[in-house]
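This report describes one protein chain, shown below. It goes from the overall fold to single residues.

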Amino acid sequence: MSASTGLPSFTRALSPVTIANAVNAGNGEGASNRMMAVGLATSAQEVVSCIPAPYREVLRQGLMGLADLVEKRAQTRLVLHKLEQHKASHTWPAQLAGLTPPQLQPHKAYLAAAPNALDALKATFDSYRTAQLDYMIQCKTAELAWFVEQTSPGTYLPDLRSAVDAAYSDLRERTKKPSWVPGTEEGSVVLDPNGWTNDPVQLKLANRVVDELPAYAHTIVTLIQGKHQSDIQKLQAKQALKDAADVAMGDASLNTKAISDVVQKEIASAFKKMN
């Protein structure tokens with residue numbers, strides 16, 4: 001935070017006049033400057049700091065709540081991506097990898113007569129883990145769909161608009177402009193009890209904030225999505241490297257086997273000549 005302005009450090013690149021207009025003005029130029037400041041924000045808190053003061057705190061809870069939901073949505077998407085990678089790679093997540101099949105030790109004499117006696121036990125255990133992995137994927141898919149719905153504009157914008165309307169309703173009563181009429185004494189003026197009018201500046205500011213609500217929310221969503229998108233890209237890159245390494249190891253194994261076959265043939269040929 002800047003000690004002189006109380007604003008986040010990212011706004012220091014702007015002039016004090018620009019910052020004042022960006023945060024408080026309701027006219028077109030001030031709104032444009034405010035959107036410029038929002039575009040420079042690097043966190044949800046910085047976006048909230050760009051909202052005009054009369055509406056900043058009433059929107060903070062809703063916007064930070066949205067940020068929290070988007071964060072959880074990104075975390076859920078990452079977990080789902082990992083589970084789907086396990087499914088595609090025929091591996092197990094930690095929750096299932098640590099499980100062991102029931103231990104059953106038939107006598108050696110019986111196993112000699114029935115060597116496949118434990119195959120069904122292993123097969124049913126693997127089927128259980130496969131079914132559990134499928135259910136984990138289904139559960140996280142449903143959870144992600146719920147978070148996507150909760151973080152859609154159609155869900156969060158009505159509540160944000162209601163918060164602005166409620167704040168303006170209170171502000172309108174506190175900022176009414178008085179009218180003065182001549183008093184009974186010569187040269188005096190008194191308040192006209194029926195002459196109070198709404199301040200058009202406050203109405204214009206409220207309308208501007210309503211117009212800017214999608215930009216505030218979208219910027220917050222984009223910032224958090226961008227932070228977590230790199231996590232998925234890292235996972236994808238890691239999986240690509242693993243797949244490439246597996247292919248290389250497979251080729252190496254084939255080459256080793258081919259070399260071994262040649263060596264065996266040469267040895268057999270040498271023994272044949274010796275005999």
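## Overall make-up

The chain contains 9 helices and 2 strands. Helices (H or I, at least four residues) and strands (E, at least two) are DSSP runs, numbered from the N terminus. Along the sequence their order is α-α-α-α-α-α-α-α-β-β-α. The chain has 275 residues, of which 29% count as buried. Buried means under 20% relative accessible area, exposed over 50%, and partly exposed in between (1.4 Å probe, protein chains only).

This is a predicted model, in which local features need pLDDT of at least 70 and side-chain atom pairs count only at pLDDT 80 or more, while totals for chains, interfaces and linings use all residues. Residues are numbered from 1 along each chain as its sequence is written, and side-chain values use heavy atoms, with hydrogens and water left out.

## Helix 4

Helix 4 covers residues 53-89, which makes 37 residues. From its first C-alpha to its last it reaches 53 Å, close to the 54 Å expected at 1.5 Å a residue; the expected span is 1.5 Å times one less than the number of residues. At Leu59, helix 4 bends by about 50°. The bend at a residue is the angle between axes fitted to the seven residues ending there and the seven starting there. His90 follows helix 4 and has a positive phi, near 60°.

Tyr55 belongs to helix 4. Tyr55 counts as buried because its relative accessible area is 0%.

## An aromatic pair

The structure holds 1 aromatic pair. It is formed by Trp146 and Phe147 and is edge-to-face, with 5.0 Å centre to centre and 75° between the planes. Rings of Phe, Tyr and Trp (its six-membered ring) pair if their centres lie within 6.5 Å; planes under 30 degrees apart count as stacked, over 60 as edge-to-face and the rest as tilted.

Phe147 is buried, at a relative accessible area of 8%, whereas Trp146 is partly exposed, at 46%.

## A nonpolar surface patch

Trp180, Val189, Leu191 and Trp196 make a nonpolar surface patch of about 450 Å². Patches are made of residues with over 30% relative accessible area and no salt bridge: like charges are joined within 9 Å, nonpolar side chains (Val, Leu, Ile, Met, Phe, Trp, Tyr) within 5 Å. A salt bridge is a side-chain nitrogen of Lys or Arg within 4 Å of a carboxyl oxygen of Asp or Glu. Accessible areas come from the Shrake-Rupley method with a 1.4 Å probe; for residues, only the protein chains shown count as cover.

Val189 lies in strand 2 (residues 189-191). Val189 counts as exposed because its relative accessibility is 55%.
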